[in-house]
Structure formats: structure tokens, C-alpha cells
Amino acid sequence: MNASVKETQFHEELRQSVRAVCSKYPDAYWRELDANLTYPEEFVNEITSSGFLAALIPEEYGGSGLGITEASIILEEINRSGGNAGACHAQMYTMGTLLRHGSPEQKEKYLPKIAEGSLRLQAFGVTEPNTGSDTTKLRTFAERRGNKYIVNGQKVFISRAEHSDLMVLLVRTTPLEQVKKKSEGLSVLLVDLQAAIGNGLTVKPIRTMMNHASTELFIEDLEVPAENLIGEEGKGFKYILDGMNAERILIAAECIGDGRWFIERASNYAKDRVVFGRPIGQNQGVQFPIARAHINIEAADLMRFKAASLFDAGEKCGAEANMAKLLAADSSWEAANAAVQTHGGYGFAEEYDVERKFKETRLYQVAPISTNLILSFVAEHVLGLPRSY
Amino acid sequence: MNIFVLLKRTFDTEEKIVISNGSIVEDGAEFIINPYDEYAVEEAIQIRDSQGGEVTVVSVGGEEAEKQLRTALAMGADKAVLINIEDDIENGDQFTTSKILAEFLQGKEADLILAGNVAIDGGSGQVGPRVADLLDIPYITTITNITVDGTSVKIVRDVEGDSETIEAALPLLVTAQQGLNEPRYPSLPGIMKAKKKPLEELELDDLDLDEDDVEAKTKTIEIFLPPKKEAGKVLEGELDVQVKELVSLLHSEAKVI
């Protein structure tokens with residue numbers, strides 16, 4: 001058996017196993033969470049304890065040491081099943097900063113626990129109320145005093161902070177005015193959320209249109225031990241950036257999973273629903289949008305696998321990762337629209353789940369990077385056009 | 001403990017059966033571990049975990065059954081054996097399968113053999129008991145609970161909805177009924193470990209068997225789908241009239257009373 005056949009078989013096995021877990025969490029499970037704005041605790045516990053979120057953690061730290069290709073397949077299948085990997089995807093990749101730049105002691109201390117799921121590291125504190133995509137302008141400041149940092153500032157749209165034990169926090173350690181390049185002087189701290197909450201850190205949930213466990217963080221004289229600095233002081237921005245491509249590819253895969261879910265639901269409904277004596281799917285006006293969305297999802301999937309294999313081969317993949325994210329988010333959104341339109345009034349009815357998935361997939365036009373910034377990136381870095389921002 | 005599990009690759013329970021030219025079309029169908037065999041795999045793993053020893057899963061079939069064996073390894077079985085009869089046997093039956101399995105198990109000193117109570121495709125429920133008979137060891141079918149203590153075994157079996165408690169001694173063959181356990185799905189570390197576990201492939205020659213030795217004892221005359229379900233009949237009118245009509249229909253039309 002040659003290597004590529006073996007790999008395909010392994011990926012199929014992986015898909016089936018994730019589906020087996022997800023089949024225990026049907027539409028009704030996610031629907032109820034959505035209605036009550038609650039966190040999928042049972043699902044997250046199960047997908048973690050069965051090792052799937054530890055796919056990227058090396059074997060020596062208790063993970064499976066797999067690549068972004070496999071990790072993306074896992075997240076795709078969660079969304080493909082009708083679930084929402086957004087509740088837990090960050091447990092898979094936030095540890096990347098720690099893995100790539102943490103000290104041996106930090107890795108030994110945290111990674112095995114993250115792999116087994118007894119520690120959740122799935123909060124990533126970057127965005128601030130006045131600082132979005134222009135990350136280097138962030139104002140949260142950490143001042144070194146002896147063997148600790150004193151942190152003050154504010155963060156917004158920090159997902160899962162209430163459902164995480166640790167948080168990777170991007171702070172300024174040298175004021176913007178004192179650095180040569182604006183990307184310098186930022187640092188990454190690992191914050192123990194259990195210890196921090198109530199001792200300088202206040203977490204306030206933000207109600208959003210979908211069930212995404214987003215929060216706002218108020219940080220006032222929060223003490224973080226200096227040993228929790230990841231890598232070198234002042235180089236944090238670089239550390240954060242090199243995790244971005246992985247995140248883009250994984251989110252692209254989730255969108256593809258969403259897209260396939262929409263296409264399946266829309267096709268099934270179009271086959272079954274009879275109006276004027278024939279299934280509505282017999283009308284080209286109904287079937288063409290579904291077919292077109294399907295085509296775009298397939299195309300996005302090719303770019304996703306291209307980006308993933310470049311990433312896994314250690315090659316440059318910034319352009320491909322960004323393009324995959326844009327294509328996948330666009331096509332899942334297109335599929336979502338086609339699904340709502342096909343379902344007519346039922347597309348808005350909660351019990352059909354289309355409206356829930358519709359809201360969930362809409363997020364990926366905006367987060368974790370907005371579509372416009374991807375276009376700017378490609379224009380500047382791929383096409384050599386003048387920087388637009 | 002030396003534990004063996006007999007496993008069959010079957011159609012997915014969700015699949016729609018299509019017949020073409022007198023045989024079942026397999027193209028594009030999804031295949032799974034026969035669900036009753038999955039109970040057997042799960043129970044074998046649990047017994048191994050509490051008693052120590054080794055679990056070997058065995059399947060008689062074609063190359064493609066490797067996938068189901070890999071799944072059993074990913075669930076936690078230690079070794080797998082595929083007896084590939086693809087090139088040797090065109091039409092086997094329960095006799096064929098049991099003869100091959102018994103030949104393989106001969107001399108393996110199995111303490112416990114687990115199988116499914118029935119395969120959801122052929123549905124004969126014969127292979128397990130036949131293997132036990134050929135090996136000359138006792139067997140207990142449709143078990144819903146098993147406790148092993150040394151060489152003695154306590155079993156609860158399903159008897160058409162009632163339960164019967166039986167004590168037996170090893171070596172023994174049992175067949176699993178629904179309710180025995182809740183089979184696990186493979187975890188990611190399980191899948192990774194399974195890649196390194198041994199999967200041996202044997203053919204009839206390796207078991208010193210000829211095609212004649214295992215020639216089917218039965219012959220399939222015809223394969224057909226059950227008749228399509230017709231629309232039901234709703235009786236109307238006063239209740240006592242309806243009852244009379246029902247009795248008369250059961251008598252004259254359905255001919256059941």
C-alpha cells in the first residue's frame with residue numbers, strides 16, 4: 001500500500017471517529033444550548049478526553065503530534081455534523097504560542113495537562129475596544145516589578161474566557177513611543193484565569209447574535225508572575241503572528257464543514273418539499289444557488305488542503321492560508337443563504353437549525369480576521385500593490 | 001487471558017439494500033463492524049483491562065475488512081488477523097466461515113472467544129455456536145452480562161426478554177446481545193496506536209485448508225426484497241361495528257384467526 005493511500009485511509013478513519021463522537025450530540029443538543037446561551041460543556045469534555053483537540057500537541061507531551069491537515073479535518077467534521085467547533089477550536093491551537101516559544105519548563109508544566117484536557121487553554125486576549133486589526137496600538141500595559149508583571153488595561157471580544165483555565169495575553173511592555181518599530185515592545189503572558197479572576201481581572205460576558213461565549217476583560221493591577229512570560233520580552237507580536245496561518249487554515253476547514261452541512265440540508269429539503277405538485281428542487285431557480293454554493297465550497301476545499309500541506313511541509317503559506325480562509329468563509333456564507341432561501345419560512349424556524357448555523361457561519365466573515373484585511377494582504381504581499389492601511 | 005473476538009464487516013445499518021441481477025449491490029455502500037460484534041470487541045477489551053491478557057480480533061472476508069479490523073484495534077484490541085478468502089471462495093456460508101475460524105483457533109489456546117449473537121446481514125446466528133462445536137468447547141449465546149473470576153464465569157443471558165443466569169468455566173465461547181455494554185468509539189490516541197499494532201493476513205493455504213474442505217453446505221436459490229408495505233386501512237363508524245369488521249377482516253382477509 002503506498003503512502004498516499006494510507007494517508008487517505010487514515011483521514012477517513014479520523015473523520016469517522018469524529019463523526020462517532022458528534023453523533024451523540026444531535027441538532028437538538030446544540031439548539032438547546034443556543035436558546036439558553038450555554039456552553040457545550042459535555043461535548044467539549046468528550047471531544048477533549050477522546051484526544052481530538054490534542055492532535056497538534058507533540059507525542060512527547062501527550063498529544064498525537066499530527067499536522068494542521070489532520071487538525072483541520074477534525075474541526076471540519078464537528079461543524080459538518082451540525083455542531084460548532086468555535087466552542088473549543090482554540091484549545092487545539094492556542095497552545096501553539098507556548099509550544100513554539102515557551103521554555104522547556106513551561107511546556108513540561110502545561111502541555112501534558114492541555115493534551116489530556118485537565119487544563120483548558122482556549123482564551124486569547126488580543127483585541128481591545130479601540131484596537132482591532134491595528135494590533136500594535138494596543139494599550140494594555142504590563143509593567144515589570146521584581147519577579148512579577150503588573151497589568152492594566154482592557155480587552156474585548158475575548159472568546160471562552162469563562163470556559164478556560166489559562167489565557168494567552170498580548171500586552172505592551174515598552175510604550176509605543178519608545179520603540180523603533182511599532183511591532184516591537186509587545187509581550188505574551190500566560191495568565192492563570194482561576195487565580196486572576198477577582199484579583200485584578202473582571203470577566204464580563206458580551207451577548208452576541210450567536211452563542212459564542214464572548215467576553216470583555218477589565219484588567220486592573222493584575223499580578224502575573226514573571227516566569228509566565230512566554231519567550232522574550234518585547235517579541236510577542238511576532239509570536240502571535242506565526243500562529244495566525246494555522247488559525248486561518250483551521251477556520252477555513254470549519255467553514256467548509258458548515259458549507260457542506262448547509263448544502264446537505266438544502267438539497268434534502270429541496271427534494272422533499274412539494275409545491276405546485278413537484279419538489280421545489282426541480283426548479284432551476286432553487287437548485288442553481290445550491291449547486292453554485294457547492295462548487296465554491298469544493299474550490300475552497302482545494303485551497304484549504306493546499307495551504308495545509310504547505311504548512312505541514314514547513315513552507316511559506318501566508319497567502320494560501322489567507323485565501324483559503326476567504327474562499328471558505330465566502331462559500332459557507334453563500335451556502336447559508338442558499339439554505340435559508342430554499343427552506344423559505346422554515347429557514348427562520350429554530351427547529352430546522354438553519355438559522356442557528358446561519359448566525360454561526362456569518363462570524364467568519366469578520367473573525368478572526370475580516371475579509372477586507374485578507375484582500376489587503378493579498379493585494380500588498382502577493383500582488384505587490386501599495387499598502388492600503 | 002487469551003481472548004479472541006470474531007468480527008464481521010457488514011453493511012451500515014443506514015444503508016438501503018439494492019438488488020441487481022440477483023445479488024446485492026455493494027457499490028458505494030458504507031460498511032461497519034457488525035453491531036453485535038462491536039459489543040463483543042468492547043467486552044473483550046473490558047475483560048482484558050480487568051484480568052490482563054490480550055485481545056485478538058479475527059475476521060474472515062476480503063481485503064476491505066481490514067478497515068473494520070483497524071477500527072477494532074483503535075478501540076483497544078491488541079492484534080488483528082484477517083483471513084482473506086477473496087481469491088479462494090466465491091460462495092461461502094456459515095459452515096465455510098466457522099470451519100475456517102475453527103481451523104485458525106485450533107491450538108491457539110483461547111480462554112474466551114466472543115462473537116456477535118447474529119450478523120445484521122445474513123442473520124443466521126450460526127457461526128459462533130458452530131465454531132464452539134468444532135473446537136469442542138461450551139458456548140452461551142445472547143449474553144447481556146459476563147463476570148470472569150479465575151476460570152469460572154458468571155453470565156446473564158437474554159432469553160426472549162427474560163434473563164437467565166448461568167455459571168460456566170473457561171474455555172468458553174459467548175455471543176453478545178444488545179445491552180451487554182456501550183461500545184466505545186476510537187479515540188485519537190487509539191487510532192494512532194492502532195497504526196503500530198500487528199495486523200496479520202492469512203489465506204486458506206496458511207491454515208492447510210483446501211477450497212473443498214470449506215465448500216458451502218447451502219445454496220442460495222434467490223435473493224429478493226420484502227414486499228413493499230401497502231397503505232393501512234382505517235376503519236370507520238360506531239365502535240362495535242368497527243370491532244365486528246376487524247374480526248371479520250382478520251378472519252377472512254388476513255386469515256390469522
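The model is predicted: local features need pLDDT of at least 70, side-chain atom pairs count only at pLDDT 80 or more, and totals for chains, interfaces and linings use all residues. Residues are numbered from 1 along each chain as its sequence is written, chains are lettered from A in the order in which they are written, and side-chain values use heavy atoms, with hydrogens and water left out.

**Interface**

The size of an interface is often given as the accessible area lost when the parts come together. Here chain B and chain A bury about 1300 Å² between them. Buried area is the accessible area (1.4 Å probe) that two parts lose on being put together, summed over both. Carbon and sulfur atoms carry 63% of it. Three residues, B:Y185, B:L188 and B:I191, supply 49% of the area that chain B buries against chain A, more than any other three residues.

Chain A brings 18 residues to the contact and chain B brings 14; contact means heavy atoms within 4.5 Å. One salt bridge is counted between the two chains. A salt bridge is a side-chain nitrogen of Lys or Arg within 4 Å of a carboxyl oxygen of Asp or Glu. Its partners are A:E59 and B:K196, at 3.9 Å, N to O. On the side of chain B that touches chain A, α2 (66–75) and α5 (188–194) each supply at least two residues. Helices are DSSP runs (H or I, at least four residues) and so are strands (E, at least two), numbered from the N terminus. By class, that side of chain B has seven nonpolar, one polar and six charged residues. Ala, Val, Leu, Ile, Met, Phe, Trp, Tyr, Cys and Pro count as nonpolar, Asp, Glu, Lys and Arg as charged, and the others, Gly among them, as polar.

**Aromatic pairs**

Over all chains, the structure holds 12 aromatic pairs. Rings of Phe, Tyr and Trp (its six-membered ring) pair if their centres lie within 6.5 Å; planes under 30 degrees apart count as stacked, over 60 as edge-to-face and the rest as tilted. A:Y29 and A:W30 are edge-to-face, 5.4 Å centre to centre with 85 degrees between the planes. A:Y346 and A:Y352 are tilted, at 4.9 Å and 40 degrees. One aromatic cluster is formed by A:Y25, A:Y29, A:W30 and A:F43.

A:Y29 is buried at 17%, and A:W30 is buried at 6%. A:Y346 is partly exposed at 39%, as is A:Y352 at 27%.

**Salt bridges**

The whole structure has 33 salt bridges over all chains.

| Pair | N to O distance |
|---|---|
| A:R31 and A:D353 | 2.9 Å |
| A:E41 and A:R120 | 2.8 Å |
| B:E42 and B:R184 | 2.9 Å |

A:R31 sits in helix α2 (residues 27–36) of chain A and A:D353 in the loop between α12 (318–343) and α13 (354–362), so the pair ties together parts 322 residues apart in sequence. A:R31 is partly exposed at 26%, whereas A:D353 is buried at 1%.

A:E41 is partly exposed at 32%, and A:R120 is buried at 11%.

In chain B, B:E42 is buried at 3%, while B:R184 is partly exposed at 31%. Salt bridges that share partners also join A:R15, A:R19, A:E76, A:E77, A:R260, A:E298, A:D301 and A:R304 into one network.

Technical notes. Buried means under 20% relative accessible area, exposed over 50%, partly exposed in between (1.4 Å probe, protein chains only).
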